[in-house]
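Please read the following walk through a two-part model with the coordinates open.

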Amino acid sequence: MSVSMILCRVTSDPLDPRAAEAAVGDRTRGAVATFQGVVRDHHAGRRVTRIEYSAYAPMAEEVFRAIAAEAGGRFGGVAIAVLHRIGGLQVGEVSLVVAAGSVHRREAHEACSFVVDAIKKRAPIWKKEFGDDGVFWIEGPGECAALDPAGRPGRDG
Amino acid sequence: MIVRVLLFARYQEAAGSPELRVDIPEGATLGTVWEEVRRRVPRLREEEAPLMALDRAYARADTTVPAEGEVAFFPPVSGG
């Protein structure tokens with residue numbers, strides 16, 4: 001059995017982690033691991049009051065599907081759900097939900113972690129941070145550009 | 001030929017628009033399109049290493065742009 005990308009969405013609506021978990025759970029899977037990314041009140045020594053997320057949404061959803069397929073290759077039989085919020089988020093709101101369902105717990109944990117890491121490196125989504133010190137575009141640590149200056153992060157595309 | 005170029009995040013703010021239409025010769029590459037974008041958007045002239053996508057997948061600067069291709073340029077990503 002290979003992967004299922006069960007649910008994949010970029011949305012401006014508040015995220016429902018329970019919906020992601022329900023989507024990847026079924027009677028054959030004994031484990032569901034969930035990650036929630038939450039807007040925190042500080043970054044790089046600055047106080048953060050809110051974050052605006054923007055995305056190249058159709059491509060982001062393609063990237064989610066590609067990452068889920070890779071997770072399926074590594075962790076057989078795992079089911080993946082990804083929800084990413086865009087628009088203005090206050091501190092404490094959930095920006096990302098990844099749920100991984102698997103027969104056993106180890107694969108569920110590992111697949112969830114793999115998918116979160118890959119999304120952060122490859123999904124075309126950006127944070128604009130608002131706080132006491134002003135407004136800052138947050139851009140990745142340069143991993144993408146460093147991998148290939150011609151513009152191809154990771155194995156996607 | 002005219003290609004549609006999508007810009008995101010800081011690049012979109014620099015251009016003051018989410019989308020440009022760029023006239024390039026047949027057979028031109030993504031790199032050529034980027035040079036034209038930089039020529040038109042002075043605030044992007046310092047950008048040396050944009051991420052590039054063609055038809056919603058990452059692509060290299062030497063990729064030929066087909067007619068009707070959807071081109072996108074953007075800075076390093078920071079989702080999650």
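Two strands count as paired if DSSP finds at least two bridges between them. In this predicted model, strand S1 (residues 2-7) of chain B and strand S5 (residues 70-74) of chain B meet that condition, being joined by four bridges and running parallel. Within this pair, Arg4(B) lies opposite Glu70(B) of S5(B).

The pair belongs to an open sheet of five strands in chain B, whose order is S2-S1-S5-S3-S4 and whose pairing is mixed. Strand S2 (19-23) and strand S4 (57-58) of chain B are the edge strands; each has a single partner strand, so one side of each lacks a neighbour in the sheet. Helix H2 (residues 30-40) of chain B packs on this sheet, where H2(B) touches S1, S2, strand S3 (51-54) and S5 of chain B. The direction of H2(B) makes about 115° with that of S2(B).

Which residues of H2(B) are buried? They are Leu30(B), Val33(B), Trp34(B) and Val37(B). These residues lie on the same side of H2(B) because they cover an arc of only 100° around the axis. The cover over the buried residues of H2(B) includes S1, S2, S3 and S5 of chain B.

Chain A has four helices and nine strands. Starting at the N terminus, its elements follow the order β-α-β-β-β-α-β-β-β-α-β-β-α. Chain A has 157 residues, of which 40% count as buried. Among contacts in chain A with a separation of 6 or more, 76% are between residues 24 or more positions apart.

In soluble globular proteins, nonpolar side chains tend to be buried together. Here, the largest nonpolar core contains 68 residues, and those touching the most other members are Ile80(A), Ala100(A), Ala111(A) and Val115(A). Setting aside neighbours within four places in sequence, the contacts of Ala100(A) include Ile80(A), Ala111(A) and Val115(A). Ala100(A) is also in contact with Val24(A), Ala33(A), Val78(A), Ala108(A) and Cys112(A).

The remaining topic is where the chains meet. The contact takes 31 residues from chain A and 24 residues from chain B. On the side of chain A that touches chain B, at least two residues each come from helix H2 (57-74), helix H3 (105-122), strand S8 (125-131), strand S9 (134-138) and helix H4 (143-147) of chain A. H3(A) gives the largest share of that side, four residues. By residue type, the side of chain A that touches chain B consists of 17 nonpolar, seven polar and seven charged residues.

Key:
Residues are numbered from 1 along each chain as its sequence is written. Chains are lettered from A and ligands numbered from 1 in the order in which they are written. This is a predicted model: local features need pLDDT of at least 70, side-chain atom pairs count only at pLDDT 80 or more; totals for chains, interfaces and linings use all residues. A residue is buried if 20 or more other C-beta atoms lie within 10 Å of its own, exposed if 12 or fewer, and partly exposed in between; C-beta atoms are placed from the backbone. Two residues are in contact if their C-beta atoms, placed from the backbone, lie within 7 Å. Axes are lines fitted to C-alpha atoms, for helices over the stretch in contact, and angles run from 0 to 180 degrees between N-to-C directions. Ala, Val, Leu, Ile, Met, Phe, Trp, Tyr, Cys and Pro count as nonpolar, Asp, Glu, Lys and Arg as charged, and the others, Gly among them, as polar. A nonpolar core is a set of buried Ala, Val, Leu, Ile, Met, Phe, Trp, Tyr and Cys residues joined through C-beta atoms within 7 Å. The arc is that of the directions from the helix axis to the C-beta atoms.
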